[in-house]
Amino acid sequence: MALLLGFLLLLELCGNTLSLGSRSSTEGAEVLELELPATNYETKDSYKAGPIGGLFQIVHIFLRVVQPNDFPEDILRKILQKKFDLSTDYEKPENVVLTLKIIYYEIGVIICAVLGLLFVILMPLVGFCFGLCRCCNKCGGEMHQRQKKNGPFLRKCFAVSLLVISIFISIGIIYGFVANHHLRAQIEKTRKLADSNFRDLRTLLNGAPAEISYILSQYTTTKEKAFSDLDNVKSLLGGGIHAQLRPKVIPALDDIKAMAEAIKETKEALLNVNNTLKELKKSSAQLNTSLSDVKRDLEQSLNDPMCSAPPVATTCNNIRTSLSQLDDNTNMDQLPSLDKPIDKINDILQTNLSSLVQQGYKSFNDIPEMVKNQTTDIISDVKSTLNSIGSDIESIGEQIPIQDQLSNFMGYINDTETYIHRNLPTLEEYDSYRWLGGLVVCCLLTLVMIFYYLGLLCGTCGYDRNATPTRRGCISNTGGIFLMVGAGVSFLICWILMTIVVLTFVVGANVEKLLCEPYQNRKLFQVLDTPYLLNENWKHYLSGMVFNKPDINLTFEQVYSDCKENKGIYATLKLENSYNISEHLNIQEHAGNISNDFQNMKVNIDNIVLLDEAGRKNLMDFSFSGIDAINYNIYLAELSKAPTKANLLSFADDLEVKANHLPHGSLKQSLKNNAQTIRTIHRSEVIPLEQSMSSVYQSIKELQQKSSGLGMKVTNTLSSLDSAQDFLTTRISSVIVEESQKYGNTIVGYFERYLQWVKISITEKIAACKPVATALDSAVDVFLCSYIIDPMNLFWFGIGKATVFLLPALIFAVKLAKYYRRMDSEDVYEDMENGNIGFHRHHSTQTV
C-alpha cells in the first residue's frame with residue numbers, strides 16, 4: 001500500500017502541479033542573499049538491520065549459491081507484455097523456450113524444493129517402516145547387544161558425532177528463535193514507520209504552497225533593496241560618475257591649489273629675506289664701526305714710548321702688523337633689494353587664486369547633486385515599473401493551481417492512512433499467530449534437542465564400563481530412553497517442519513531475488529521503463545500517464561533517482577513539457593522594461609569649469625614675475641662668507657698672550673682691555689650676525705629651489721588643467737552613459753537574480769519529492785524486504801538447517817542408545833576343555 005501510495009502521489013503531483021519555474025543565466029546582485037527555508041523530514045532514508053544483519057548476509061550468500069543467475073529481465077518483460085500465456089497455446093515455441101528459461105533460472109530453487117519434498121514424503125515413510133521393523137525385533141529392536149572389541153570406540157564416536165550435530169541443530173534453532181522474534185519486533189515498528197512516512201508526505205504537501213508564498217514574498221525584499229538604491233542615486237550614480245572623473249580632475253585642481261599656496265609662500269619668503277637683508281646690512285655696518293674703533297684704540301696704544309724699547313718694540317710691531325685682520329669681511333651693501341619682485345607678487349595676489357580653485361572643487365563636487373536633481377522623474381518611472389512587476393509576480397502566484405490540488409492529495413493520504421491503521425491491527429493479529437506458530441516449531445525442535453542433550457548427559461554420566469549390558473544402571477538406561485524418544489519425536493515432526501521450510505523458502509527466496517535485489521540495484525525500474533511494456537501503444541508509460549504524451553523520455557528510474565536526490569517535482573517529472581514557467585517569468589521582458597527606463601535617462605553636467613580665465617592669467621603672471629630670474633648666487637656667495645677676516649676670539653687670545661709678555665704698565669693694561677673688547681664684539685655682534693646670515697642663506701637656497709623652473713611648473717599645471725577640462729568636455733557623456741548602464745544593471749540585477757532564484761526554487765526545490773522515494777523505500781526495501789523477507793529467510797534457513805541435521809542425529813541417537821540402555825540378554829563366554837567356546841542365552845526379548 002505504501003508503494004502504491006508513493007507512485008500515485010508522484011503521478012498526481014505531476015498531473016496537477018504544473019506551474020513551476022526555470023532558471024535565468026543572467027548574473028544578479030551579489031548583495032541579495034535569497035535562500036529557501038530548509039525542510040526537515042522524520043523518516044530516515046537508509047535502514048540498518050543492526051547486529052542481526054550479519055545473519056541476513058549469511059542467508060543472502062546461501063541464496064546466491066542456490067540462485068546464482070542474474071535478474072531475468074527478458075523473462076519478466078515477456079510476462080508483463082502477456083506474451084507468455086499457456087492457457088491459449090502452450091506448445092508455441094516461444095512459450096516452450098520461455099518456460100525452459102524460467103526453469104533454468106529457478107533450477108536451484110526447484111532442486112532445493114524437490115529435495116525438501118522428498119524429505120517430507122520419505123521421512124514419514126521411513127519412520128513408519130523403521131517403527132514396524134523394530135516391533136519385529138529387527139533394525140536394532142532386539143534388546144541384545146553383541147560384545148565387540150571396538151565397542152567403546154564406537155560409543156565415543158557416536159556420542160561425539162551426536163553432540164556435534166546437536167550443536168549445529170541448536171544453532172539453527174537459535175536462528176529460528178532470533179528470526180521469529182525479530183520479525184515480530186519489526187512488525188510492531190510498522191505503525192511508527194507508516195506514521196513517519198505519512199507525516200513526511202503531509203510536510204511535503206503542506207510545505208509546497210508555503211514555499212511558493214515565501215518565494216513570492218521575497219519580491220518585497222528585492223524591491224525594497226532596489227528602492228533603497230534608487231533613493232540613493234546621488235551617491236550610487238552621481239558618486240560613480242564623480243569617481244570616474246576624479247582621477248583626472250582632482251590632481252589638476254590639486255596642482256593649481258598647490259601653486260596658489262606656492263605664490264603665498266613665495267611672497268612670505270621674499271619679504272622675510274628682504275627684511276633680513278636690511279637687518280644684516282645694519283648689523284654689518286655696526287660691526288664695521290666697532291672693529292674700526294678697536295683698531296683705532298690699539299693703534300693709539302701702540303704709540304706708547306715703551307714700544308720704542310728693543311724688547312717691546314718687536315711685540316708692538318707684530319701687533320701693529322696684525323691689525324689688518326680686524327677689518328669687515330662682507331659687503332652687504334652690494335646686494336640688490338628684492339622690493340621689485342615683492343611688488344609683482346603683491347600685484348599677482350590681488351587675484352584670489354585659492355578662491356578660484358575652491359570654486360572649481362565645488363563645481364566638480366556638485367556632480368552627484370546635479371545627477372540627483374536631473375533623475376527625479378526617471379527614478380519615479382523606474383519605481384512604477386518595479387511596482388508593476390510586483391503585480392505581475394503576484395498574479396503568477398495566484399495562477400499556480402497547486403494548493404487546491406494538494407488539498408485533494410491530503411484527503412487521499414488521510415484515506416490511505418485510515419486504511420492502513422484499520423488493517424494494521426489485523427496484520428499484527430495474524431503476525432501474532434505466525435509468531436506463535438514459529439515459536440511452536442522452534443520449541444518442538446528444542447524439545448528434540450532436550451531429549452538428545454539429556455540422553456547424552458545421562459548416558460555419559462551414568463555409563464559404567466564394568467557393568468554388563470544387562471546390568472547397566474538406571475541413569476544410563478534413562479539416557480538411552482531419552483535418545484530413543486528424541487529419535488521418535490524427530491520422525492514425527494521432521495516432515496512437518498520441512499513442509500514449512502519448503503513453503504517459506506520458495507516464497508522468501510523468490511521475493512528476495514525477484515523483488516528485493518532488483519529494487520536495490522534498480523534493475524526493476526529498468527524493466528518497468530522498457531518501451532511499450534505496460535501499454536503497447538505507449539513508448540514511455542510514465543509520460544503517457546502524466547502528460548498523455550508517451551514520446552517524452554520520462555522513466556521510473558529517473559524519477560526515483562531524482563526524488564532520492566531530493567529534486568523538485570518540476571524537474572523530476574519534466575513538467576516543462578506541460579507548463580513552461582519560463583513563459584510566465586520572462587526575465588528578459590521584465591529586465592528590458594527597467595533597462596529602457598534607464599536608457600532614457602538624460603544627465604547634463606557639461607557646464608563644469610575647473611578654473612576661469614582670471615585664474616589662468618594669475619598663474620601666467622606668476623610665471624613672468626621674475627622670481628626665477630633673481631641672481632641668487634650673489635646672495636649665496638656673500639652670505640656664505642665669515643663676518644670678519646679673522647677669528648676675533650683667536651685674535652683676542654693672541655693679543656692677550658703678547659700683552660702678558662710686556663712689562664707692567666699702561667701699554668699692557670690697554671692691550672688687555674682691547675682684547676676683552678674684541679671678545680665682547682665677537683659675542684654680541686659677530687655671533688648674531690653669523691646666525692642671521694646662515695638663516696638668510698637657507699631661505700634664499702629654498703627660494704632658489706622653489707623658483708627654479710617656475711615657468712615650466714606653471715606650464716605643466718596649465719597643461720594638466722587643460723587636459724582635465726578637455727576630459728570633462730569630451731568624455732563626460734560616455735562616463736555618464738557607462739555609469740548609468742552600470743547603475744541600471746545593478747537595479748536590474750536584483751530582479752534578474754530574484755526571478756532566477758524563483759525559477760530555480762520552483763523547478764528544483766519546491767515540492768522536493770524525497771519523501772515519495774523514502775515512502776517507496778519504506779514500503780519495499782524496509783517493510784517488505786528488511787522487516788519481513790530477511791527474518792523469514794533467516795527463519796527457514798535456521799529451521800531447515802536444524803531439520804536436515806535431524807536425520808543424521810536420529811541415526812546416531814539410535815546407534816548410541818544401544819550402548820546406554822539396559823539389555824535383556826548378553827553374550828556369555830565359558831572355559832571348555834578344548835578351549836574357549838562362546839555361546840549366548842536369550843533370557844527374554846524386548847522391543848522399542
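Predicted model: local features only at pLDDT ≥ 70, side-chain atom pairs only at ≥ 80, totals over all residues.

Me: Let's start with His60: is it buried or exposed?

Reply: Buried means under 20% relative accessible area. His60 has 13%, so it counts as buried. You'll find His60 in helix 2, which covers residues 53-66.

Me: Which residues does His60 contact, leaving aside its neighbours within four places in sequence?

Reply: Those are Glu512 and Asp790.

Me: And where does Gln67 lie?

Reply: Gln67 is in the loop between helix 2 and helix 3 (73-80). Its relative accessibility is 3%, so Gln67 is buried. The Gln67 side chain makes a polar contact with the side chain of Asn69, at 3.2 Å. Not counting residues up to four places away in sequence, Gln67 also touches Tyr105, Glu106, Val109 and Lys513.

Me: How many aromatic pairs are there in the whole structure?

Reply: A search finds 15. One of them joins Tyr754 and Trp757: the pair is tilted, with 6.2 Å centre to centre and 45° between the planes. Both residues lie in helix 26 (residues 710-765), three residues apart, which is about one turn of the helix. Tyr754 is buried at 0% relative accessibility, and Trp757 is buried at 8%.

Me: Which residues form one aromatic cluster?

Reply: Look for Phe62, Tyr175, Phe505, Trp796 and Phe797.

Me: What sits over the ring of Trp435?

Reply: That's the charged end of Arg184, 4.8 Å from the ring centre.

Definitions and conventions. Residues numbered from 1 in each chain as written. Heavy atoms only, no water. Helix = DSSP H or I, 4+ residues; strand = E, 2+ residues; numbered from the N terminus. Buried < 20%, exposed > 50% of the residue type's maximum accessible area, 1.4 Å probe, protein only. Contact = heavy atoms within 4.5 Å. Polar contact = N/O pair within 3.5 Å; in protein donor to acceptor, adjacent residues only side chain to side chain. Phe/Tyr/Trp six-rings, centres within 6.5 Å; stacked < 30°, edge-to-face > 60°. Lys NZ or Arg CZ within 6 Å of the ring centre and 35° of its normal.
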